[in-house]
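Subject: Structure for you to look at

Hello,

Here is the structure I said I would pass on. Please open it first, then read the notes below it.

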Amino acid sequence: MQGYRRDDGTVHPPLLWPGYKSTVLRAPAQPLVLLPHSLTEITGPVLGEGRVTEADADLTRGVGGEAQGQRIIVHGRVVDEDGRAVPHTLVEVWQANAAGRYLHKADQHDAPLDPFFTGAGRVLTDAEGRYRFLTIRPGAYPWGNHTNAWRPAHIHFSLFGRAFTQRLVTQMYFPDDPLFPHDPIMHSVRDAKARTRMTARFDLDATEESYALGFEWDIVLRGRDATPMENRP
């Protein structure tokens, strides 16, 4: 895993995508300079397994109560281009609540906050590269990018390598969302087949009867079937 990805021209989004207006303001004006990793970057800081607890993977139980909305189980594997497991990597998620609002002071969307929804979670992949989160299906929300702009329901994913400088960020979507054709962030991934790799699969086997729906989403770090990742300057 590397924190900087060279754009292959079709899969990973470009740093500048005019349809996604904020990239016009933040994209670098000069070519990027690739800095080789030194011993500092590849050896630390060390997260430590004891710092991630089982409770960190459950976003539905805040202090004093349980979140509102459709409970879902999101699970999958993190693998390399040859299908080999990537074990013990830190996977973090953050998302809007069922009403489409983030637990963040910058989010002023006129939708209710859920005092019991944590909005973020983390887990370490196991020896087979597996991860699992219990959360709430997020709602769509307006984002002001263009007229009547709404983001499809999605969950942000962040993956760390051996150090915090080795970070990849992407988004997971849900099947058959009617907002897909209208979302410039999704369409910044120019390859249509690559866009399908950003969408989770409904998983009846992972669904828990009378409790939570299951969705499976594998993350491929490199190669022909790589999951599209956000390029970062």
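What percentage of the 233 residues in the chain is buried? Buried residues make up 43% of the chain, where buried means under 20% relative accessible area, exposed means over 50%, and partly exposed is in between (1.4 Å probe, protein chains only).

Some ground rules come before the rest. This is a predicted model, in which local features need pLDDT of at least 70 and side-chain atom pairs count only at pLDDT 80 or more, while totals for chains, interfaces and linings use all residues. Residues are numbered from 1 along each chain as its sequence is written, and side-chain values use heavy atoms, with hydrogens and water left out.

Confidence

pLDDT is the predictor's confidence in each residue, from 0 to 100. The chain averages 88, and 88% of the residues score at least 70. Over residues 1-7 the pLDDT stays under 50. For that stretch the model has 29 contacts beyond four places in sequence, a contact being heavy atoms within 4.5 Å.

Overall make-up

The chain has four helices and 13 strands. Helices (H or I, at least four residues) and strands (E, at least two) are DSSP runs, numbered from the N terminus. Among the contacts with a separation of 6 or more, 70% are between residues 24 or more positions apart.

The sheet

Two strands count as paired if DSSP finds at least two bridges between them. In general, strands of a sheet pair through backbone hydrogen bonds, either parallel or antiparallel. Here, four strands form an open sheet in the order 5-4-9-10, with antiparallel pairing. Strand 5 (120-124) and strand 10 are the edge strands, each pairing on one side only.

Strand 4 and strand 5 are joined antiparallel by five bridges, and E92 has R122 in strand 5 as its bridge partner. Strand 9 and strand 10 are also antiparallel, over seven bridges, and there F157 is partnered by T170 in strand 10.

Strand 12

Strand 12 (residues 213-216) pairs with strand 3 in the parallel sense over four bridges. H75 stands opposite E216 of strand 12. Strand 12 also runs antiparallel to strand 11 (residues 201-202), with two bridges joining them. F202 has F215 in strand 12 as its bridge partner.

The cores

A nonpolar core is a set of buried Ala, Val, Leu, Ile, Met, Phe, Trp, Tyr and Cys residues joined through side-chain atoms within 4.5 Å. The largest one has 27 residues, of which Y131, F133, F157 and I219 touch the most other members. At least two residues of this core come from each of strand 3 (71-79), strand 4 (90-94), strand 6 (130-136), strand 9 (154-160) and strand 10 (167-173). Apart from it lies another core, of nine residues, including Y173, F180, I185 and A194.

What does Y131 touch, not counting residues up to four places away in sequence? The list includes V74, H75, V123, F157, W217 and I219.

Single residues to look at

Most residues other than glycine have a negative phi. H88, in the loop between strand 3 and strand 4, has a positive phi near 55 degrees. H88 is partly exposed, with a relative accessible area of 47%. D176 is not a glycine either, and its phi is about 60 degrees. D176 sits in the loop between strand 10 and helix 3 (184-187) and is exposed, with a relative accessible area of 74%.

G65 is found in strand 2 (residues 65-66) and is partly exposed at 22% relative accessible area. Leaving aside neighbours within four places in sequence, G65 is in contact with T60 and F116. The C-alpha atoms of G65 and F117 are separated by 8.7 Å, and the two residues are 52 apart along the chain.

The database record

UniProt, in an unreviewed entry, lists residues 74-102 as "domain: Intradiol ring-cleavage dioxygenases". UniProt positions are given in the numbering used here, feature names are shortened, and annotations may be inferred rather than shown by experiment. In the model, residues 74-102 are 0% helix and 38% strand, and the end C-alpha atoms of the span lie 19 Å apart.

Regards
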